[in-house]
Amino acid sequence: MRGITMNKTVAAISTPQNTGGIGIIRISGDNAIEIADKIFRPTGKRRLTELPGYHASHGRIVFENEDIDECVALVFREPKSYTGENVVELSCHGGLFVLKKVLRAVLASGAEPAGAGEFTKRAFLNGKLDLTEAEAVIDIINAQGEQGAKAALTALDGALSKKIDALCGRLLGLSAQLGAWVDYPDDDIEELENGELLRTLEEVRGELFSLLSRFDAGSAITQGVETAIIGKPNVGKSALMNLLSGFGRSIVTDIAGTTRDVVEQTVRLGSLILHLADTAGIHSTEDVVEKIGVDRAKQRIERAGLIFAVFDTSSPLEKADDDILELCKGKRVIGVLNKSDLETKADTEKIKSVLPVCVELCAISGSGIDLLEEEASRLLCTNEIDTSEAMLSTERQRKDAEQALEAIDRTIDDLKNQMTYDAVNVSIDTAIEYLLEMTGKKVTDAVIDEVFSRFCVGK
């Protein structure tokens, strides 16, 4: 599949679908230069078809004898382009009406509309980048914090690819040696010692385990963390949501049970990206609508990567608070001791005995928000992460790494149980398969489609 150039030439607007100073239309494919040449009238003498790669030309876009816009055309010739194909980028004025009109002229001249992520998909298929690097492209586009942007750039530079390739190379070496010894037992091939095999496998296992142990932190800064704000009614959940959002996303009143469903918002807390869910107050109720809200709140707790459990310290704890503490056991939780500006009447020591990480905060004034940021970073280990190191950032990568690790564990067990080398080699080959899938060297169309479905049109 790699190295195959797609037949059709495609085009799309590659800048945001909004007004700006400059807008870019990208054309890629065998006929990209010829198609652009049909509508581009250069100021100078040389047409686009006469330009070498990495050259620009100033001119105008003309279609059906109508001048549409002034333009700078950049020409890239295959294979030295982003996609590995012939590419022309038309830099026009950034009015959306003008850009759409230019795109319409490009499509009428022989190009077809590009799909979501199609340019990067072509770059992958033509061997310009592997699958982990392609995923890093969308992470850079979506980055909302410095750590996330740096980690994505590290991945785009190939840090994860190099790490996986090195591990794969070591396993391939073992597999080749074992295969040769099994297939040609009568030849003069030195048998591998179990101790040497185990040492290599344990080292590979350790590297994979290290990558997996950093996944949550890596995902937190590149993908964001599903975060649930929970608590009984009227403890300040919505006020906390509004504080983190920076505006009145949730309704705040003195009436208990104001939030009856889940309110969502993505926010940045320091270097963290939090996909917040302000849930309905958890309590016993006979109200049908409230009960649905409570059930949805409990569902959010189960799938959340981080929980802010809010307690009103100005009032004594109630059974609903005890129920919330029970729901939080075994989960990644920060206890938010809200209304710290008022006299404390709640048994905060009881809360801290169940939730070791607690923060005193006043959601109305914002006092204590810095400590909440610090504790969230520490709990998610993002304060310790080195963005220059290889890290896993997507669920697809994590799944492949976990399955490779499971195969390595089986291999180690087989060796310790003195299984035959051909049986041992089956598990090694399985681990290799998953590592090759991670970088895209051996991958199905379904996986490719899943990766590029996250992309916007134009990239």
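This is a predicted model: local features need pLDDT of at least 70, side-chain atom pairs count only at pLDDT 80 or more; totals for chains, interfaces and linings use all residues.

Visitor: Is strand E6 largely enclosed or largely open?

Guide: Strand E6 covers residues 87-94, and a residue is called buried when its relative accessible area is under 20%. Seven of the eight residues of E6 are buried, so the rest of the structure leaves this strand largely enclosed.

Visitor: Which residue stands opposite cysteine 92 in E6?

Guide: Strand E2 (residues 20-28) pairs with E6 in the antiparallel sense over eight bridges, and there valine 87 in E6 stands opposite serine 28. Strand E5 (residues 66-76) also pairs with E6 in the antiparallel sense, over six bridges. The residue that stands opposite cysteine 92 in E6 is cysteine 71.

Visitor: Is isoleucine 140 buried, partly exposed or exposed?

Guide: Isoleucine 140 lies in helix H4, residues 131-142, and together with Leu153 and Leu156 it forms a nonpolar patch on the surface, with about 210 Å² of accessible area together. Because buried means under 20% and exposed means over 50%, a relative accessible area of 33% makes isoleucine 140 partly exposed.

Visitor: Which element gives the most to the lining of the largest cavity?

Guide: The structure holds three cavities of 30 Å³ or more, and about 40 Å³ of space lies in the largest cavity. Its lining includes Glu226, Thr227, Ala228 and Arg300, and the elements that give two or more residues to this lining are helix H10 (288-303) and strand E8 (225-230). With three residues, the element that gives the most is E8.

Definitions and conventions. Residues are numbered from 1 along each chain as its sequence is written. Side-chain values use heavy atoms; hydrogens and water are left out. Patches are made of residues with over 30% relative accessible area and no salt bridge: like charges are joined within 9 Å, nonpolar side chains (Val, Leu, Ile, Met, Phe, Trp, Tyr) within 5 Å. Accessible areas come from the Shrake-Rupley method with a 1.4 Å probe; for residues, only the protein chains shown count as cover. A salt bridge is a side-chain nitrogen of Lys or Arg within 4 Å of a carboxyl oxygen of Asp or Glu. Helices (H or I, at least four residues) and strands (E, at least two) are DSSP runs, numbered from the N terminus. Buried means under 20% relative accessible area, exposed over 50%, partly exposed in between (1.4 Å probe, protein chains only). Two strands pair if DSSP finds at least two bridges between them. On a 1 Å grid over the protein atoms alone, a cavity is a set of points where a 1.4 Å probe fits but cannot get out, and a pocket is an open set with protein on both sides within 12 Å along at least five of seven lines; lining residues have an atom within 4 Å of a point. Grid points are joined across faces, edges and corners, and a volume is the space filled by probe spheres set on the points.
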